[in-house]
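Below is a briefing on one multi-chain protein model. Keep the sequence and the coordinates open while you read.

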Protein chains: 4
Amino acid sequence: MDVGFIGLGAMGRGMAANLLKAGHTVRVWNRSRGAVDVLAKEGAVPAASSRDAFRGDAVISMLADDAAVRAVILDERLIDGAPAGLVHVNMATVSVALARELAALHQAHGVAYVAAPVFGRPDVAAMGKLQIVAAGDPAAIERVQPLFDAMGQATWRIGDEPHRANVTKLAGNFMIVSAIEAMAEAAAMAKGHGIAEGDLLGVLTNAVFTVPVYKNYGAIIAEQRYDPPGFKLTLGLKDVRLALAAAEMAGAPMPFASVLRDNLLDAVAHGDAERDWAALARVAQRRAGRDGPA
Amino acid sequence: MDVGFIGLGAMGRGMAANLLKAGHTVRVWNRSRGAVDVLAKEGAVPAASSRDAFRGDAVISMLADDAAVRAVILDERLIDGAPAGLVHVNMATVSVALARELAALHQAHGVAYVAAPVFGRPDVAAMGKLQIVAAGDPAAIERVQPLFDAMGQATWRIGDEPHRANVTKLAGNFMIVSAIEAMAEAAAMAKGHGIAEGDLLGVLTNAVFTVPVYKNYGAIIAEQRYDPPGFKLTLGLKDVRLALAAAEMAGAPMPFASVLRDNLLDAVAHGDAERDWAALARVAQRRAGRDGPA
Amino acid sequence: MDVGFIGLGAMGRGMAANLLKAGHTVRVWNRSRGAVDVLAKEGAVPAASSRDAFRGDAVISMLADDAAVRAVILDERLIDGAPAGLVHVNMATVSVALARELAALHQAHGVAYVAAPVFGRPDVAAMGKLQIVAAGDPAAIERVQPLFDAMGQATWRIGDEPHRANVTKLAGNFMIVSAIEAMAEAAAMAKGHGIAEGDLLGVLTNAVFTVPVYKNYGAIIAEQRYDPPGFKLTLGLKDVRLALAAAEMAGAPMPFASVLRDNLLDAVAHGDAERDWAALARVAQRRAGRDGPA
Amino acid sequence: MDVGFIGLGAMGRGMAANLLKAGHTVRVWNRSRGAVDVLAKEGAVPAASSRDAFRGDAVISMLADDAAVRAVILDERLIDGAPAGLVHVNMATVSVALARELAALHQAHGVAYVAAPVFGRPDVAAMGKLQIVAAGDPAAIERVQPLFDAMGQATWRIGDEPHRANVTKLAGNFMIVSAIEAMAEAAAMAKGHGIAEGDLLGVLTNAVFTVPVYKNYGAIIAEQRYDPPGFKLTLGLKDVRLALAAAEMAGAPMPFASVLRDNLLDAVAHGDAERDWAALARVAQRRAGRDGPA
């Protein structure tokens with residue numbers, strides 16, 4: 001397929017590389033040039049402009065946040081001028097409000113739109129093993145399924161309205177960071193009874209929580225290995241904020257999310273903004289009077 | 001081995017039955033007589049008294065809570081009169097304070113004491129597939145390991161001081177109910193955006209949280225199947241209370257546990273005391289203005 | 001003095017009327033015409049446009065929220081064209097972010113700017129008994145002090161940077177709604193022990209909390225008199241949101257504010273959006289299983 | 001009147017002294033002898049035993065906590081042997097569970113029982129200006145009213161069942177510490193915007209919260225004057241715990257109380273156990289990354 005790819009950050013570059021490996025033609029664009037050059041060496045075609053990427057059979061965008069989507073796609077009015085037959089696949093984690101706005105805008109301009117945020121860190125993206133959650137017109141999803149197959153391990157369809165995929169992604173990230181916080185609090189409690197984090201979480205992630213998300217973050221907490229981050233704490237704070245905003249739209253209190261927001265702010269205030277979001281464990285230990293090394 | 005077994009509730013009867021199947025002699029005692037008769041038909045020896053059960057190679061106690069342990073074991077001064085060589089294996093979920101008190105008491109009377117609380121519901125106990133967390137004198141654990149092998153799928157040793165196993169059990173239950181609450185809040189938020197609980201949790205427990213604890217409770221929430229309970233909400237409230245008490249001993253704030261306590265009280269106040277603790281999902285939906293069927 | 005007045009809502013009309021009573025010339029402007037006509041009968045001069053109001057010795061703006069300030073003042077570029085010598089007094093409750101933006105903008109255009117949000121409900125505004133919190137250039141405040149004297153019982157100066165007054169206002173509203181929530185939770189607890197809200201709060205607001213803010217809201221809770229609202233719950237939710245945003249800028253967790261946000265959402269989800277924010281007491285009673293009349 | 005007085009702590013000694021000043025005969029008893037000697041110099045009669053104090057027209061007990069009441073009154077079976085006509089006035093802050101137990105016990109033995117906890121710190125007790133909340137048989141209260149008049153500024157009757165006074169006291173202390181926490185969070189937020197605690201709380205306690213409880217604690221926070229404590233943080237934690245227990249009996253969630261419990265534990269973990277409970281302000285500042293002097 002002839003595919004545009006906009007946004008070559010830590011996630012995007014691995015995803016685009018896997019599209020190339022699968023034999024697709026990929027026109028890549030990025031706000032800074034470095035990542036474009038790297039992918040060009042792997043066979044990608046540098047796009048002349050973001051608009052030049054926004055054409056072909058499909059265009060995938062993987063931008064950092066709402067602001068980036070607004071700057072690169074909306075402000076540039078890329079949707080207005082999209083060619084007939086193009087499917088825009090937005091794989092970024094964006095707010096539910098923007099997700100709804102984008103869906104309406106594509107519909108107004110007759111452009112097929114699929115929201116397909118992913119679960120998986122950059123190393124998983126590089127391996128083409130992402131979990132993809134897709135929502136949108138089934139026919140459009142069908143057309144881009146080969147692209148998903150190249151980038152992901154599985155695609156989970158969650159309905160016709162694109163924002164449903166974004167809600168699911170935010171719900172999932174909220175559940176992940178809730179799991180981290182639960183381990184953090186449990187470890188702080190156990191530590192006060194003389195049990196090391198690694199002993200406690202080693203048992204519990206082998207006896208009950210036998211799943212990578214717990215094992216990986218449990219190991220990070222046990223080894224206090226917050227640098228370099230797999231997922232930056234400030235990005236986690238952003239996603240918790242988006243979950244709270246989505247909950248407010250839905251009229252739903254989310255007391256766990258409120259606790260998470262407060263604790264992530266505490267972490268930022270103590271210098272952990274750029275560390276892995278599992279540094280929530282440092283907050284729990286600090287509040288119990290046990291300050292770890294900075 | 002010659003084993004006493006005290007406490008034949010939903011968990012204990014399955015555990016004792018598996019000891020019988022493995023060929024052990026089991027003298028059983030229970031406060032009410034019915035369960036004793038049932039197990040006698042499977043080959044157990046009815047004990048004449050709790051003291052008659054508290055002898056042999058080992059005695060296993062599986063009582064409901066701190067109060068039951070006090071009434072059956074401490075008030076009857078069973079430890080004082082225990083015969084030489086007996087290993088007392090306490091597999092119940094008790095407070096850390098009582099765990100420490102029991103350890104000191106056994107030591108004072110020269111009785112070997114192992115704390116070995118379990119993960120798994122009654123059906124898992126009946127299958128002999130429990131996850132057993134054991135702490136105590138390694139030699140004593142070694143002696144009762146054949147019993148653990150008959151009742152459990154795996155035994156996780158967490159050190160020499162018995163209370164460490166109880167801390168680990170409370171930490172684990174806290175993590176389980178935190179997982180339930182996270183699903184409950186995520187589902188309430190998603191529902192407000194038109195996504196059914198089953199759709200949301202179906203995707204997330206297949207894409208990310210691929211582990212029975214999430215899959216089982218996710219299904220219960222999706223199907224609103226809170227009766228009969230797998231684990232009664234009031235028992236869950238008791239365990240959260242024990243976790244909070246253990247945290248207070250440790251000087252550790254546990255804001256998630258505080259939220260859980262409040263939400264479980266809300267559930268009790270709305271008639272869900274005897275339902276499965278996954279009825280936390282009803283609290284989250286109700287607070288968002290969506291009252292489910294009672 | 002020659003004063004423009006922009007924003008004749010429930011608060012603004014009383015404030016403008018008191019300026020008239022004190023003998024000032026008041027050119028009034030409002031987005032909807034009705035309030036202008038009412039004040040014209042009391043001697044106000046209808047302004048031809050918002051720009052026509054934004055001149056003279058001073059202009060007071062009392063708009064509903066950030067969006068209204070943006071629409072009426074920023075989008076219309078009123079600051080750019082302000083005449084020399086004008087003091088703009090913004091008495092609305094706005095976000096700290098907008099407060100800082102407004103201060104920078106006025107400075108850039110050489111227009112004197114005073115932030116002066118107020119404490120007091122519409123009836124207090126009508127009596128000219130508001131508590132005014134003012135921040136800005138002391139000379140500018142000095143010039144408009146006669147206006148404050150006409151509208152308020154006291155003026156509290158809190159420094160030279162205008163946003164300081166807005167921070168103080170948000171902090172004060174947060175403290176007020178925290179007082180309401182504390183009464184709500186105390187009353188829900190006491191009710192379960194057979195004590196009526198009125199009995200409990202009657203004693204406590206006479207013995208300890210002998211101050212109007214507690215007495216008034218205590219009486220509202222005791223009498224379940226949430227209609228008509230003195231201060232609408234959705235406005236309270238907006239202010240809690242602004243406090244949380246200000247706290248996030250400051251890197252400060254505010255767990256009470258997080259609880260308030262969740263509980264106010266719960267209230268909105270149960271139909272109390274347009275009631276007095278003391279309807280938080282209905283949330284506390286409902287969560288305890290005691291549903292009051294809708 | 002002929003009055004026994006049991007418990008001469010910081011509060012009790014001032015209260016007993018005021019009874020003496022009012023001309024009553026006061027037989028005093030205390031677990032440690034020092035306070036007895038001091039009061040003897042002011043005219044009190046040292047009681048030979050706690051039982052010797054538990055007679056006459058009335059006996060007032062002002063013991064530290066539930067455990068002290070159990071040890072001094074219940075374990076000694078003082079109620080069983082109380083002479084006819086005695087009114088026992090329990091002015092201590094005890095749990096609602098113990099309050100109910102005591103009421104039942106007195107009734108069973110035909111001893112008049114009044115619960116009369118107080119608001120006011122030791123200096124207020126010494127001045128005879130306490131706020132007394134009384135519940136019990138109206139005739140019994142009537143008989144001891146002269147004693148209340150000697151110790152307090154006002155007596156607030158809250159019904160016939162003694163536990164009602166204890167519920168009211170716990171509700172009041174919860175509202176006080178909620179006020180402290182609200183100021184603490186507001187101050188931490190404002191500090192991040194450059195506003196000193198004293199400036200913020202100075203304005204707000206003069207403009208809105210014009211009542212001693214806010215002014216006093218606001219000043220303590222502004223001046224960071226946590227030593228010596230007016231009310232020790234660990235006592236505050238105990239009272240929050242009692243409020244949570246009372247709420248649990250009542251089936252009422254109290255999310256503010258949950259936050260307070262967590263934050264008070266945080267304070268204890270950071271060395272503030274013996275400081276004034278307004279040291280909650282240190283928790284709020286620390287969580288925002290601003291560590292004050294220890």
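C:Q224 counts as partly exposed at 39% relative accessibility (buried is under 20% relative accessible area, exposed is over 50%, and partly exposed lies in between, with a 1.4 Å probe and protein chains only). C:Q224 has a positive phi of about 50° although it is not a glycine. Its place is the loop between α10 and α11 of chain C.

This is a predicted model, in which local features need pLDDT of at least 70, side-chain atom pairs count only at pLDDT 80 or more, and totals for chains, interfaces and linings use all residues. Residues are numbered from 1 along each chain as its sequence is written, chains are lettered from A and ligands numbered from 1 in the order in which they are written, and side-chain values use heavy atoms, with hydrogens and water left out.

- Helix names follow DSSP: helices are H or I runs of at least four residues, strands are E runs of at least two, and both are numbered from the N terminus.
- In chain A, A:Q224 sits in the loop between α10 (212-223) and α11 (233-250).
- Phi of A:Q224 is near 50°, a positive value in a residue other than glycine.
- A:Q224 is partly exposed, with a relative accessible area of 39%.
- In chain B, the peptide bond from B:D227 to B:P228 is cis, with omega near -10°.
- B:P228 belongs to the loop between α10 (212-223) and α11 (233-250) of chain B.
- In chain C, a cis peptide bond joins C:D227 and C:P228, with omega about -15°.
- C:P228 belongs to the loop between α10 (212-223) and α11 of chain C.

**Helix α11**

- α11(B) has 18 residues and reaches 25 Å from its first C-alpha to its last.
- That is close to the 26 Å expected at 1.5 Å a residue (the expected span is 1.5 Å times one less than the number of residues).
- Of the 18 residues of α11(B), 13 are buried, so the helix is largely enclosed by the rest of the structure.
- In chain C, C:R241 is part of helix α11 (residues 233-250).
- C:R241 is partly exposed, with a relative accessible area of 37%.
- C:R241 and C:T210 are 31 residues apart along the chain, and their C-alpha atoms are separated by 28 Å.

**Helix α12**

- α12 of chain A (residues 255-269) has 15 residues and reaches 21 Å from its first C-alpha to its last, close to the 21 Å expected at 1.5 Å a residue.
- α12(A) is mostly covered, with 13 of its 15 residues buried.
- Just after α12(A), A:G271 has a positive phi of about 90°.
- In chain C, C:L264 lies in helix α12.
- C:L264 is buried, with a relative accessible area of 0%.
- Which residues does C:L264 touch, not counting residues up to four places away in sequence? They are C:L233, C:G236, C:L237, C:V240 and C:L280 (contact means heavy atoms within 4.5 Å).
- C:L264 and C:G236 are 28 residues apart in sequence and 8.1 Å apart in space, C-alpha to C-alpha.

**Packing of α12(C) on α8(D)**

- Two packed helices are described by the angle between their axes and the distance between the axes.
- The axes of α12 (residues 255-269) of chain C and α8 (residues 163-191) of chain D come within 9 Å and cross at roughly 105°.
- Axes are lines fitted to C-alpha atoms, for helices over the stretch in contact, and angles run from 0 to 180 degrees between N-to-C directions.
- α12(C) and α8(D) are therefore roughly perpendicular to each other (under 35 degrees is roughly parallel, over 145 roughly antiparallel, 65 to 115 roughly perpendicular, the rest oblique).
- C:P255, C:F256 and C:A257 of α12(C) meet D:S178, D:E181, D:A182 and D:E185 of α8(D).
- By class, this contact has 4 nonpolar, 1 polar and 2 charged residues (Ala, Val, Leu, Ile, Met, Phe, Trp, Tyr, Cys and Pro count as nonpolar, Asp, Glu, Lys and Arg as charged, and the others, Gly among them, as polar).

**Relations between chains**

- Chain B can be laid on chain D with an RMSD of 0.0 Å by a turn of 180° and a shift of 0.0 Å along the axis (copies are superposed by least squares on the C-alpha atoms of residues with pLDDT of at least 70 in both).
- That is the relation of a two-fold axis.
- In chain B, the C-alpha nearest the axis belongs to B:S258, 2.8 Å from it.
- The copies meet through the same surface, because 100% of the interface residues of chain B are also interface residues in chain D.
- Chain B can also be laid on chain A, with an RMSD of 0.0 Å, by a turn of 180° and a shift of 0.0 Å along the axis.
- Here too the same surface serves both copies, as 100% of the contact residues of chain B recur in chain A.
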